[in-house]
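Subject: Structure handover

Hi there,

Here is the structure I promised to pass on to you. Please open it next to this email and follow along as you read.

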Amino acid sequence: MPTNKNQHFVPRCYLRPFSQEESGKAIRIFNIDREQVIEGAAVKHQCSGSYFYGEDEKLEAAIQFIEQKYADTLRRIREPSYNRLGADDELILKRFWLLQYLRTEAASRRAVEMNNQLGKLVGADSSFNLEIRDAVLMAMHAFATEMEVIDDLKVCLLKNATEIPFVTSDDPAILANRWFQTDDRHRGSTFGLGSAGALAILPLCKNLMLIAYDSDVYSIPKNAGIAKTRREGDVQSLNQLQFLNCRANIFPGQTYDADALRQSFQACVDRRLEERHVLHYSVLDQTNGDYKRYRVVASPDDEDHQEALVHSQTLHPSPQIWPLLVRWRKKGFGMVNGTGIGCVRRSQVDKRRGPPFERMNTGH
């Protein structure tokens, strides 16, 4: 049994740069429900749960190994003399982003809610239901088997040269896709980790952020993997993703004014989603040779039927503005492809399509 009963789904090594004096002991919180700033909260009580990963000592050790690699990398890239993003550092940052994206309480709750609503919709018994810990272990299995799914993304370390600091949250690893979220050709569709146009975003400290991106769709002007922004709009749009994605708490660091925090949150609160998925139930409408056509109905009880399909669609909140530094690539893949193979990154097309990968690739 692990000796550490209190297990963090957002690790203390990640929260440390946002804590008071970077001590890793106390941290400032902006609670979005109360729109209130809480000073000096204990870091050890943030984003954690009793045996959150269960009682498998090997699993906890593996997670701690990745966290230590991340902590070492973060310490190195924050040095003033660091001026070139190395391949090893790039890989560690991407792997940590993926682990963090999959393992938070909010991510596990979304998986549980979708699974249990699906069971209810199709009339499954209670054995079909997931618990939070089941979802966590499934996420860890997906990470172990599909950790290379974003290795093809280009990486940029973004330096913040404005007076507005980067903020983070209790669900800080953001998967976004400007192409899917703004192009009318994708209206009603969704995206996943293997989709064309993917953006993986993670604040690292108040003036440094990881952005991994599909270089067939976007370009970011950078030098040796490092870019700098002096546009407050870029910082505000990236911070807005944290306000939209977090479950309960923002960690704004020590310099972000409390009133400005409230104003930033209020500016985008109407874009937060109450539900992060929707289920579509379709009944068999007609058969034509080897092909079948299904028709969406509001409820399984609307009409008699013998065959049906259920489709789950992941929903992603969209910011009011997108950072200008993430530019469309001229004649890029996303600008000339709207459907079909263009919806999957080129590097993902020929990969195996086991269940974990398909969930990551499509968002379904």
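Below is what I found, going from the whole chain to single residues.

Please keep in mind that this is a predicted model.

**Overall picture**

The protein has 364 residues, and 50% of them count as buried. Its secondary structure consists of 10 helices and 16 strands. Taking contacts between residues at least 6 apart in sequence, 76% join residues at least 24 apart. The accessible surface is about 18000 Å², with 47% of that belonging to carbon and sulfur atoms.

**Salt bridges**

How many salt bridges are there? The count comes to 16.

E22 and R78 form one of them through their side chains, at 2.8 Å from N to O. E22 sits in the loop between helix 1 (12–15) and strand 2 (26–31), while R78 sits in the loop between helix 2 (57–77) and helix 3 (87–103), so this pair ties together parts that are 56 residues apart in sequence. E22 is partly exposed, at a relative accessible area of 36%, and R78 is partly exposed too, at 33%.

Another salt bridge joins the side chains of D216 and R329, at 3.3 Å from N to O. Which parts of the chain does this pair tie together? D216 belongs to the loop between strand 9 (208–213) and strand 10 (218–219), and R329 to the loop between strand 16 (327–328) and helix 9 (333–336), so the linked parts are 113 residues apart in sequence. Here D216 is buried, with a relative accessible area of 16%, whereas R329 is partly exposed at 36%.

R231 pairs with D234, and their closest N and O atoms are 3.1 Å apart. R231 is partly exposed, at 37% relative accessible area, but D234 is buried, at 2%. There is also a network, in which salt bridges with shared partners join D285, R293, R295 and E303.

Next, have a look at the open sheet of 3 strands, which has the order 14-13-15 and antiparallel pairing. Which strands stand at its edges? They are strand 14 (291–297) and strand 15 (308–314); each has a single partner strand, so one side of each is left without a neighbour in the sheet. On average, neighbouring strands of this sheet are turned by 40° against each other, direction ignored. As a reminder, strands of a sheet pair through backbone hydrogen bonds, either parallel or antiparallel. Strand 13 (residues 277–288) pairs with strand 15 in the antiparallel sense over 7 bridges.

**Around F265**

Leaving aside residues up to four places away in sequence, F265 touches F30, I32, E35, F243 and R272. For E35, the C-alpha atom is separated from that of F265 by 8.3 Å, although the two residues are 230 apart along the chain.

Best wishes

How values were computed
Residues numbered from 1 in each chain as written. Predicted model: local features only at pLDDT ≥ 70, side-chain atom pairs only at ≥ 80, totals over all residues. Heavy atoms only, no water. Helix = DSSP H or I, 4+ residues; strand = E, 2+ residues; numbered from the N terminus. Buried < 20%, exposed > 50% of the residue type's maximum accessible area, 1.4 Å probe, protein only. Contact = heavy atoms within 4.5 Å. Areas by Shrake-Rupley, 256 points an atom, 1.4 Å probe, with all protein chains shown as cover. Salt bridge = Lys/Arg side-chain N within 4 Å of Asp/Glu carboxyl O. Pairing = 2+ DSSP bridges. Axes fitted to C-alpha atoms, helices over the stretch in contact; angles between N-to-C directions.
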